[in-house]
Each structure stands twice: as structure tokens, then as C-alpha cells.
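Thanks for coming. I have one structure to go through today, and I will keep to a few local features before the overall counts. Here it is.

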Amino acid sequence: MLGRRQEIGSEMNQELEEIRPKSKARLMDLVQKAGVDVSDWANYKKGPKHAASNPKYCYEWSFVQPGKVVVLNLWFGVMQQEKFGITSSFNMRKLGDDCKRKSRKAMWTTRAYKMDEAIQEAAKNSLLIRVIVCDGSIRGLSDPDQKASSVRNRMLDPKPWSITKYDVQTGEYTLTRGGAIHSQYVDQFEDQIENAETPERVDRTGSVFKRDQKIRQLAMERANGLCEYCGKPGFKLADGRVFLETHHIIPLSAKGPDVIANVAALCPNHHREAHHGVNAEVIRGKLSAKKGVSIL
Ligand SMILES: [Zn+2]
Ligand SMILES: [Zn+2]
């Protein structure tokens with residue numbers, strides 16, 4: 001992992017360094033700052049003065065304020081600097097299963113499953129994700145029999161994070177710092193994001209066309225999951241999001257503008273047809289009429 005970070009270069013490591021926690025704030029304070037109601041922490045036999053060390057909460061890995069925010073403790077040491085930003089990938093459900101099988105630490109099983117559920121809830125309801133970055137000694141995550149981890153420093157990342165991948169079947173996830181938009185719709189360029197490439201495409205003449213992610217996203221929101229040519233729904237991915245392809249009615253290569261009126265969300269079939277079909281011109285005409293784009 002270190003090799004990979006060096007490869008990407010020092011400029012990018014700066015973003016990672018920016019969120020390396022330098023001091024140890026109290027977990028309760030950070031959870032509260034992130035927008036979670038912590039009043040029940042004071043509901044503790046040692047009294048409200050010791051609220052912050054209420055064992056019902058202070059060892060938890062995740063916190064949920066229903067309908068609002070999910071707060072996750074993530075290890076700085078396992079964050080990855082990708083070209084497009086910082087990510088953290090793991091599988092809490094699998095950790096829960098492993099702990100359950102191998103270990104007598106029942107609490108780890110509970111906490112791991114709870115964190116998996118929190119991530120699932122955030123994915124389903126597009127909740128805001130706030131991350132408490134933890135630094136210290138991490139116990140081997142694959143070996144639940146090792147001694148417990150200890151947090152040396154922690155801080156609340158001022159930037160929210162988002163779920164860029166969650167596999168409902170397995171529990172595998174990737175969280176990304178900032179940037180990505182929460183959406184129930186996904187298009188063909190999302191793959192490039194997952195493959196750590198910038199959302200650009202090189203055409204046959206070698207020129208690079210940039211596509212604005214926000215424009216594509218807006219077009220997909222407008223399409224509401226339905227192909228804007230045939231009206232049929234796009235297909236569902238394993239994580240529940242709906243797939244459609246975004247298409248420039250007047251191609252970028254023909255100086256078509258990268259604006260929402262020039263972008264249609266199409267089912268994969270009609271996207272291919274719009275490019276290669278004998279009916280390509282007809283499709284372009286119909287889409288243009290719909291979106292008010294004049295053909296150049
Ligand atoms: Zn269609
Ligand atoms: Zn296209």
C-alpha cells in the first residue's frame with residue numbers, strides 16, 4: 001500500500017496528510033459535532049459527568065441519527081489515496097462473521113454487524129456520512145484473535161464522505177471522501193471512477209472530452225430511471241441503483257455543449273442505436289425535439 005501511495009506522488013499525499021489526526025478528541029464530542037443526539041450518553045450510573053465514558057456508546061464503531069447522518073470510525077492507516085480522492089474499502093459483515101466464528105469477543109461481532117447495517121442504511125436513504133478518522137495501533141482485521149486496537153489520535157473529518165460502492169449481497173463497501181453525489185442512478189462513466197480514472201474519454205482523433213459529472217447526474221435525475229427515448233426502466237444493479245447511459249444528443253466531438261439540455265439518459269440498447277443504428281438520425285431528431293436542442 002505504501003508503494004502505491006508513493007507512486008501517486010506527494011501532491012496527492014497532502015490530502016491524506018490533511019486528515020491524519022494529530023490529537024485525541026473525545027469520541028462523544030465528535031459524534032455530537034457530527035450531528036448525532038448524544039443526550040442518552042449521560043444516562044449512566046456514574047452520572048452525567050462521566051457521560052463520555054458510558055460503555056454503552058464509547059466503544060462503538062458507528063453511530064446513526066435516523067434520517068439524518070451516519071457517523072463511522074475509520075482507520076487512517078487503511079485509507080487509500082486514489083487519483084480522484086481518498087477511499088476506504090472493507091467488509092464489516094464478513095468481519096462480523098469471522099469474529100462470530102473464531103472469537104469469544106462477542107462485542108466485536110455486534111459492532112461489526114452494526115456498522116454494516118449503518119452503511120446499508122446510509123446507502124438506502126442517501127444519508128450524510130461523517131467520518132471520525134482514527135490513528136493508532138490496528139489489530140489485524142483479518143485475525144479477530146489479536147488484541148484489541150487502540151486509538152492514539154482521532155478527529156472528525158470536516159468533509160462528509162459518500163458511499164461509492166456497497167454490495168448488498170456480500171457487504172463489501174467503498175467509501176469516498178467528499179465529491180461523489182448520492183444517487184439512486186448510475187451511468188456508464190461510473191466504472192471509470194471505480195477504476196480510478198478521471199471521467200474523460202479519448203475519442204478516435206485523440207482529443208479529450210470532459211464530461212461534467214453533475215450534468216450527467218442531473219440528466220439521470222430528470223430521467224427518473226426511465227430511458228428518455230423508449231420510456232422503459234433501466235436495469236437494477238446489485239446495490240439497488242438503476243443503470244442508464246448518458247448520451248450527448250449533439251456529440252461533444254461535433255461541438256455539442258456539455259449542458260443538461262444536450263444530455264439524454266438512455267437504456268443501453270437505445271444508446272447503442274443512437275450511435276450506430278440505421279435510425280440514429282431519427283433518434284437524434286426525437287431526442288432533440290424533446291430536449292429543445294437544435295441540430296447544428
Ligand atoms: Zn430505450
Ligand atoms: Zn452516446
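Start at Trp 161, whose bridge partner in strand S8 is Arg 177. Bear in mind that this is a predicted model. The bridge belongs to the pairing of S7 with S8, residues 172-177, which is antiparallel and runs over five bridges. The two strands form a hairpin with five residues between them, and there Gly 171 has a positive phi near 95°.

How many of the six residues of S7 are buried? Five are, so to speak, under cover: strand S7, residues 161-166, is mostly covered.

Next, helix H7, which spans residues 213-223. Its buried residues are Arg 216, Gln 217, Ala 219, Met 220 and Ala 223. Viewed down the axis of H7, these buried residues fall within an arc of 160°, so they line one face of the helix.

What do the buried residues of H7 pack against? They pack against three strands: S9 at 185-186, S14 at 245-248 and S15 at 263-266. Just after H7 comes Asn 224, with a positive phi of about 60°.

Now the chain as a whole. It has nine helices and 15 strands. Of its 296 residues, 31% are buried. For contacts between residues at least 6 apart in sequence, 62% join residues at least 24 apart.

That is what I have; questions are welcome.

Notes:
Residues numbered from 1 in each chain as written. Chains lettered and ligands numbered in written order. Predicted model: local features only at pLDDT ≥ 70, side-chain atom pairs only at ≥ 80, totals over all residues. Helix = DSSP H or I, 4+ residues; strand = E, 2+ residues; numbered from the N terminus. Buried ≥ 20, exposed ≤ 12 C-beta atoms within 10 Å, placed from the backbone. Contact = placed C-beta atoms within 7 Å. Arc of directions from axis to C-beta. Pairing = 2+ DSSP bridges.
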